[in-house]
Amino acid sequence: MLARRPQLLRQLTSSLAGAPAALLPSRRGFSTADAAAAADPASKTQIYLSRSRDPLLNLSVEHHLLQTVPADATVLLLYANAPCVVFGRNQNPWIETSLAHLAERRRLSSSFSSSSSFVSDNNNNNNNNNTPPIQLVRRRSGGGTVFHDEGNVNFSVLCPSAVFDRNRHAEMVVRALRRLGRPTTRVNERHDIVVDTPPPDVGTFKVSGSAYKLTRLRSLHHGTCLLRSPNLASISRLLRSPAEAFIKARGVDSVRSPVRNLDLDVEDFKDAVVAEFESMYGAPVLRGVVEDAPAMEVDAIRRGYEEMSSRDWLYGQTPRFTFCTHPTEDDPRPRPQLPFQERIHLEAKQGVIERFHIENNKGAQKDLSSLVGATMYNINDWSAQLADAGIASQQASQIGEWLNGILGIEFTKA
């Protein structure tokens with residue numbers, strides 16, 4: 001059965017022209033008509049393969065399906081994104097990624113395009129540039145921070161909340177990987193998929209992480225699978241923030257693990273996952289393809305895309321956090337050495353400063369009340385902000401330049 005499936009799925013993902021009509025949705029892409037069919041009570045089992053490489057589009061389609069498919073439906077969506085760092089709904093971007101490194105990648109890219117200009121064809125998406133920009137995305141589900149690129153396939157499964165189980169569909173993916181010759185893959189106690197490697201390179205490596213979103217009637221389990229990511233060596237640097245040592249946050253912390261590629265073909269992986277899904281739930285009532293333009297014609301998807309594209313969503317949804325350059329009773333961790341003697345204490349909620357004071361080396365404290373209410377992610381230069389707040393020019397320049405770097409101003413500024 002599996003041997004026949006690659007040809008079938010490549011008809012869906014590579015060249016729609018000439019594909020059997022019974023295997024395609026009523027229109028090319030995930031159009032308004034297809035969205036209506038997905039919500040039909042008779043559509044109990046659905047499979048979608050996305051040709052889009054836009055993470056905001058894929059996550060918006062996923063969210064729309066979660067909101068609209070029948071409560072008793074089971075749905076599989078597979079997609080691969082252009083390079084991006086995707087963090088959880090309740091996480092802090094200043095902690096979860098190196099904003100300075102994202103800015104560096106943006107500088108090095110010869111043609112940085114906005115999130116709305118991602119193309120869905122892999123060949124067109126390669127512009128002979130070895131350092132493409134990396135987008136930053138806040139998703140709607142919880143969980144930790146992950147890195148996506150074209151060698152890292154995402155699987156999403158929607159099912160009734162009454163039968164939701166964190167391991168059920170992770171085990172489905174493990175069976176698919178074993179079909180493809182990776183017998184040592186397994187689901188660990190954290191519900192991640194890992195691979196145990198034999199001598200001489202003995203170890204356990206994470207190849208897939210998951211996140212979840214549960215509603216009253218429907219549940220979503222989505223995860224990644226590292227197949228042939230060309231950015232594997234950069235992931236550790238991307239997901240380590242220099243600001244982490246200074247921030248105490250109320251959101252969810254990521255748990256870092258050693259990772260490894262499985263060295264599998266992306267299309268073979270999709271084929272194997274679809275085969276396992278069908279073995280569990282039978283042939284789908286709907287089998288569709290997601291493309292950028294038709295999907296954006298669906299009002300709810302377009303609205304979700306626009307919300308996720310906004311800076312207020314990306315940074316302004318950040319839970320309350322404290323940035324402090326010195327140990328405190330609430331956060332006694334030792335801090336890295338600073339290039340100045342002053343102590344900084346900043347508190348913010350949803351990216352808006354609620355408290356800011358600076359203490360000099362003699363213990364005198366200056367409250368910068370004029371900065372209260374300022375939106376951190378709209379500050380373009382901390383040196384100018386501190387000078388305007390009454391800090392002496394030399395101090396403002398020295399402290400501000402350091403804050404610009406540690407908080408990734410080059411990337412976050414409008």
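Trainee: How many nonpolar, polar and charged residues does the lining of the largest cavity have?

Mentor: By class, the lining of the largest cavity has 4 nonpolar, 3 polar and 4 charged residues. Please keep in mind, as we go on, that this is a predicted model.

Trainee: How should I read a cavity, and which residues line the largest cavity?

Mentor: The general idea is that rolling a probe the size of a water molecule over the atoms shows where empty space is left. In this structure there are 2 cavities of 30 Å³ or more, and the largest cavity has a volume of about 80 Å³. Its lining is formed by Leu 59, Glu 62, His 63 and Leu 66, together with Arg 139, Arg 140, Ser 141, Lys 213, Leu 220, His 222 and Met 308. Helix α3 and strand β11 each supply at least two residues of that lining, and the largest share, 4 residues, comes from α3.

Trainee: Which residues line the second largest cavity?

Mentor: The second largest cavity holds about 30 Å³ of space, and the residues around it are Trp 94, Thr 97, Ser 98, Leu 99, Ser 241, Pro 242, Ala 243, Ile 406, Leu 407 and Gly 408. By class, 6 residues of this lining are nonpolar, 4 are polar and none is charged.

Trainee: Turning to pockets, what is the volume of the second largest pocket, and which residues lie nearest its centre?

Mentor: The second largest pocket has a volume of about 840 Å³ and a lining of 42 residues, of which Thr 145, Val 146, Lys 206, Gly 209 and Val 255 lie nearest its centre. The elements that give two or more residues to this lining are the strands β5 (146-148), β6 (152-160), β9 (203-208), β10 (210-214) and β11 (218-226), and the helix α8 (232-238). The largest share, 4 residues, comes from β11. Taken by class, the lining of the second largest pocket divides into 16 nonpolar, 17 polar and 9 charged residues.

Trainee: How do I read two helices that pack together, and at what angle do the axes of α3 and α11 cross?

Mentor: Two packed helices are described by the angle between their axes and the distance between the axes. Here the axes of α3 (residues 55-68) and α11 (residues 299-309) come within 9 Å and cross at roughly 130°, and the two helices are therefore oblique to each other. The crossing of α3 past α11 is right-handed. On the α3 side the contact is made by Leu 56, Leu 57, Leu 59, Ser 60, Val 61 and His 64, and on the α11 side by Ala 300, Ile 301, Gly 304, Tyr 305, Met 308 and Ser 309. That contact has 8 nonpolar, 4 polar and no charged residues.

Trainee: Which residues make the contact of α7 and α9, and how do their axes cross?

Mentor: The axes of α7 (residues 168-179) and α9 come within 8 Å and cross at roughly 125°, which makes α7 oblique to α9. Helix α7 passes α9 in a right-handed crossing. From α7 the contact takes in Arg 168, His 169, Met 172, Val 173, Arg 175, Ala 176, Leu 177 and Arg 179, and from α9 it takes in Phe 269, Ala 272, Val 273, Ala 275, Glu 276, Phe 277, Met 280 and Tyr 281. By class, these residues divide into 11 nonpolar, 1 polar and 4 charged.

Notes
Residues numbered from 1 in each chain as written. Predicted model: local features only at pLDDT ≥ 70, side-chain atom pairs only at ≥ 80, totals over all residues. Heavy atoms only, no water. Axes fitted to C-alpha atoms, helices over the stretch in contact; angles between N-to-C directions. Parallel < 35°, antiparallel > 145°, perpendicular 65-115°, else oblique. Left-handed = near helix turned anticlockwise from the far one by under 90°. Contact = heavy atoms within 4.5 Å. Nonpolar A, V, L, I, M, F, W, Y, C, P; charged D, E, K, R; others polar. 1 Å grid on protein atoms, 1.4 Å probe; cavity = no way out; pocket = protein on both sides within 12 Å on 5 of 7 lines; lining within 4 Å. Points joined across faces, edges and corners; volume = space filled by probe spheres on them.
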